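Good morning, and thank you for joining this group meeting. I will present one model and ask you to keep the display in view while I speak.

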Amino acid sequence: MPSFDIVSEFDKQEARNAVDQANKEVSTRFDFKGTNSSYELSDNKLLMTSGSEFQLQQMLDIVQTKLTKRGIDIVCLDIAEAKASGKIVRQEITLRQGIESMLAKKIVKLIKDKKLKVQAAIQADQVRVTGKQRDDLQDVIQMLKQEKLEMPLQYINFRD
């Protein structure tokens, strides 16, 4: 039976490359001279540090541009509030990956409401869709692309 998986993930190496490029740009820009502004990426957390909230906002624009150029959808960014401590202002950004249970349930409900001859099953942080005809699966992909969901989706493991 034909099937495919719906996931939400990004290339971690491309994210690291984008952060490295952003660090390089911040270190060479004139308006950031002497501010000790930097980015630190560990796991799926990006920590931005700078001297003021205005500079953090500029840094956020820089990293979003770099991530977009590297093919990472910035919808997956979860941006926390900036926190000041002394002369340093920090802001944490989480790069979300995987489909959360509420979104997975919403996807399954959308598929069932479409009344196509497919079955959708939640498997950990992905949704598997199976059906008898390949065209039905392609209809599901088109329908989900038109929906405005809060996470970017990828469609992998398409099997006949």
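Over how many bridges do strand E2 and strand E3 pair, and in which sense? Strand E2, residues 38-42, and strand E3, residues 45-50, pair in the antiparallel sense over 5 bridges. Before I continue, please note that this is a predicted model, in which local features need pLDDT of at least 70 and side-chain atom pairs count only at pLDDT 80 or more, while totals for chains, interfaces and linings use all residues. Residues are numbered from 1 along each chain as its sequence is written, and side-chain values use heavy atoms, with hydrogens and water left out.

Two terms belong here. Helices (H or I, at least four residues) and strands (E, at least two) are DSSP runs, numbered from the N terminus. Two strands count as paired if DSSP finds at least two bridges between them.

I turn now to the open sheet. It has 4 strands in the order E7-E8-E1-E9, with antiparallel pairing. Its edge strands are E7 (118-123) and E9 (154-159), each of which pairs on one side only. From one strand to the next, the twist averages 20 degrees. Angles of this kind run from 0 to 180 degrees between N-to-C directions, and axes are lines fitted to C-alpha atoms, for helices over the stretch in contact.

Within this sheet, E7 and E8 run antiparallel and are joined by 6 bridges. The bridge partner of Ala121 in E8 is Arg128. E7 and E8 form a hairpin with 2 residues between them, and Ala124 in the turn has a positive phi of about 55 degrees. Strand E1, residues 3-7, pairs with E8, residues 126-131, in the antiparallel sense over 4 bridges. There, Ile6 stands opposite Val127 in E8.

Which strands does each helix meet on this sheet? H3 lies across E1, E7 and E8, running at about 175 degrees to E7. H4 packs on the sheet and touches E1, E7, E8 and E9, and its direction makes about 175 degrees with that of E9. Contact here means heavy atoms within 4.5 Å.

Next, the helix pairs. Two packed helices are described by the angle between their axes and the distance between the axes. Helix H3 (residues 101-113) and helix H4 (residues 134-146) pack at an angle of about 120 degrees, with their axes 11 Å apart. H3 is therefore oblique to H4; angles under 35 degrees count as roughly parallel, over 145 as roughly antiparallel, 65 to 115 as roughly perpendicular and the rest as oblique. H3 passes H4 in a right-handed crossing, the near helix being turned clockwise from the far one by less than a right angle. On H3 the contact is made by Ile107, Leu110 and Ile111, and on H4 by Val140, Met143 and Leu144.

For H1 and H2, the axes come within 9 Å and cross at roughly 140 degrees. H1 is therefore oblique to H2, and H1 passes H2 in a right-handed crossing. Residues of H1 in this contact include Ala15, Ala18 and Val19, which meet a group in H2 that includes Met59, Ile62 and Val63.

Finally, the salt bridges, each a side-chain nitrogen of Lys or Arg within 4 Å of a carboxyl oxygen of Asp or Glu. By this rule the count comes to 7 salt bridges. Glu14 forms one with Arg70, the closest N and O atoms being 2.9 Å apart. This pair links distant parts of the chain, 56 residues apart: Glu14 is in helix H1 (residues 12-28), and Arg70 is in the loop between helix H2 (53-69) and strand E4 (77-79).
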